[in-house]
Structure formats: structure tokens, C-alpha cells
Amino acid sequence: MLASRRSARVVKAAARRSAILDAALDEFSVRGFADTRLDDVARRAGVAKGTIYLHFKDKEALFQELIRFQLSPVVGTFETALASELPLRAIIDQAIEIFVREIYGTHRKQVIRLIITEGPRFPALAEFYYREVLSRLLRALRARLARSLERGEIADDTLIRFPQLLGAVSVIAIVWHGLFDRFEPLDVRAMMRAYFDRLFLQTARPA
């Protein structure tokens, strides 16, 4: 009986924590980091403000955990795909689908948009995002591209030195969606495929 009660408390606490993170994403997305108040997050989550402090030290810690909670699982999925022994282009096709399904098609794109807009004013948040998300992706990309160079899938080390080129199209898609999608909806999957077709046409080793 005691174990059952303890388990129920753990489940309830996890549900409250998840509700707080969901509410925080909504509030940060609408108000930005600076103007979001924990009172508003608590109200949206349906909890007392003090409950937030049971889980998070302050607003910055809440935002950092939001990054980790929303994006770390997806980063892990990308890392697994990049570690595959499939041909590079097949992996790129997988990565496009992961991005469209797990980021662009969900609220996760709001987290990335927040980093783009709030990072310059709050460098500690940008540093945390780099450490938890970007550095892992860049490391996995460089390792896979190095193997691709050895196998002759790419002609030179340009993409190894500048793996940011591979991610640029995803940033364009997220910025476009936030600013202009209501005027001209974007077929993000088709755009990404066209981008990588052109990119790899330039970087592929001649047969």
C-alpha cells in the first residue's frame, strides 16, 4: 500500500512538472523570455506559483529544462540516424523526415524560434542551447561526414568544416513559418529535399 501511494505521488508530480513545462512553452512563445512571469506560467498550468519552485530554481532554470525536455529526445534520434551505416543521402532523407515530423510539425519549433529571438539578449540561454543541442548535433554530423569523405560520398572537407550548412535550411523554414507562412505556406519537406539536392550536387565526388 505504501509503495502504491509513493508511486501515485511520483506520477502526480511528473504530471505537474510536464504541465508546467507545457505552460512555460506557451507563455514564452507569446511573451518572450523577459516578459514571461512565473505567475502566468502557474496560472496556465493550473498550479500554485510555489509548485513551480518545487521543480525549478527560477525562470532561467525553467527555460533550460524546457530546452532539454523538448529537444534532447530529438537530438538523440538524430544522433542515432547519423551513426547508421546507410549511405549519406539515405541518412539525410531520414533527417529531413525527423525534422519535419518531430520539430517543424510540433511545438518544438517554438523553442528554436525563441532561441533565435531571445539568445542575443540572454547569452546564458544561447550557451545552454549550444551545449545541450547544437554541440551534440555538430559532433555527430562531423563524425558522419568524416566517414563519408573516407568512402568517397563527398568530394572534400567543406561540410566537415562547415556542418552549419546542413542545418541552415531548417532555420530558414522555422523563421519563414513564424513570419510569412500565413501569406505563402511553405512545403518544408520539398524545400529541404531541393536544398540538399543542390548542396550535394556541389559537394559530391565525381564518379
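Biologist: Where is Phe183 found?

Modeller: In this predicted model, Phe183 is found in the loop between H9 and helix H10, the latter covering residues 188-203.

Biologist: What makes Phe183 exposed?

Modeller: The relative accessible area of Phe183 is 60%. A residue is called exposed when this value is over 50%, and therefore Phe183 is exposed.

Biologist: Which residues make the nonpolar surface patch?

Modeller: Phe183 makes this patch together with Ile116, Val171, Val175, Leu179 and Phe180, and the patch has an area of about 510 Å². Helix H9, residues 164-180, gives the largest share of the patch, namely four residues.

Biologist: How many helices and how many strands are there in the protein?

Modeller: The protein has 10 helices and zero strands. Its pattern along the sequence is accordingly written α-α-α-α-α-α-α-α-α-α. The C-alpha trace spans about 65 × 45 × 30 Å along its principal axes.

Biologist: What share of the residues is buried?

Modeller: Of the 207 residues in the protein, 40% are buried. The accessible surface comes to about 11400 Å², and carbon and sulfur atoms account for 58% of that surface.

Biologist: Why does Ser148 count as buried?

Modeller: Buried means under 20% relative accessible area. Ser148 has a relative accessibility of 0%, so Ser148 counts as buried. This residue lies in helix H7, which runs over residues 123-151. When neighbours within four places in sequence are left aside, Ser148 is in contact with Leu88, Glu153 and Ile154.

Biologist: Why is Glu132 also called buried?

Modeller: The value for Glu132 is 18%. The limit is under 20%, so Glu132 counts as buried. Glu132 lies in helix H7. Leaving aside neighbours within four places in sequence, Glu132 is in contact with Arg68 and Ser72.

Biologist: What makes the pair Glu132 and Arg68 a salt bridge?

Modeller: The separation of their side chains, N to O, is 3.7 Å. A salt bridge requires a side-chain nitrogen of Lys or Arg within 4 Å of a carboxyl oxygen of Asp or Glu, and therefore the pair Glu132 and Arg68 qualifies.

Biologist: What do Glu97 and Arg189 tie together?

Modeller: The side chains of Glu97 and Arg189 meet in a salt bridge of 2.9 Å, N to O. Glu97 lies in helix H5 (residues 88-104) and Arg189 in helix H10, so the pair joins parts that are 92 residues apart in sequence. Glu97 is partly exposed, with a relative accessible area of 24%. Arg189 is partly exposed as well, at 29%.

Biologist: Which residues do salt bridges that share partners join into one network?

Modeller: The network consists of Asp26, Glu27, Arg31, Arg37, Asp40, Arg43 and Arg44. The structure as a whole holds 22 salt bridges.

Biologist: How many positive and negative side chains does the protein have?

Modeller: There are 33 positive and 25 negative side chains, and the centres of the two sets lie 6 Å apart.

Biologist: Why is Gly46 called exposed?

Modeller: Gly46 has a relative accessible area of 66%. The class of exposed residues begins over 50%, so Gly46 is exposed. Gly46 is found in the loop between helix H2 (38-45) and helix H3 (49-55).

Biologist: How far apart are Gly46 and Pro120 in space?

Modeller: They are 31 Å apart, C-alpha to C-alpha, and their separation in sequence is 74 residues.

Definitions and conventions: Residues numbered from 1 in each chain as written. Predicted model: local features only at pLDDT ≥ 70, side-chain atom pairs only at ≥ 80, totals over all residues. Heavy atoms only, no water. Helix = DSSP H or I, 4+ residues; strand = E, 2+ residues; numbered from the N terminus. Buried < 20%, exposed > 50% of the residue type's maximum accessible area, 1.4 Å probe, protein only. Contact = heavy atoms within 4.5 Å. Areas by Shrake-Rupley, 256 points an atom, 1.4 Å probe, with all protein chains shown as cover. Lys, Arg positive; Asp, Glu negative; His and termini not counted. Charge placed at Lys NZ, Arg CZ, Asp CG, Glu CD. Patch = residues over 30% accessible without salt bridge, like charges linked within 9 Å, V, L, I, M, F, W, Y side chains within 5 Å.
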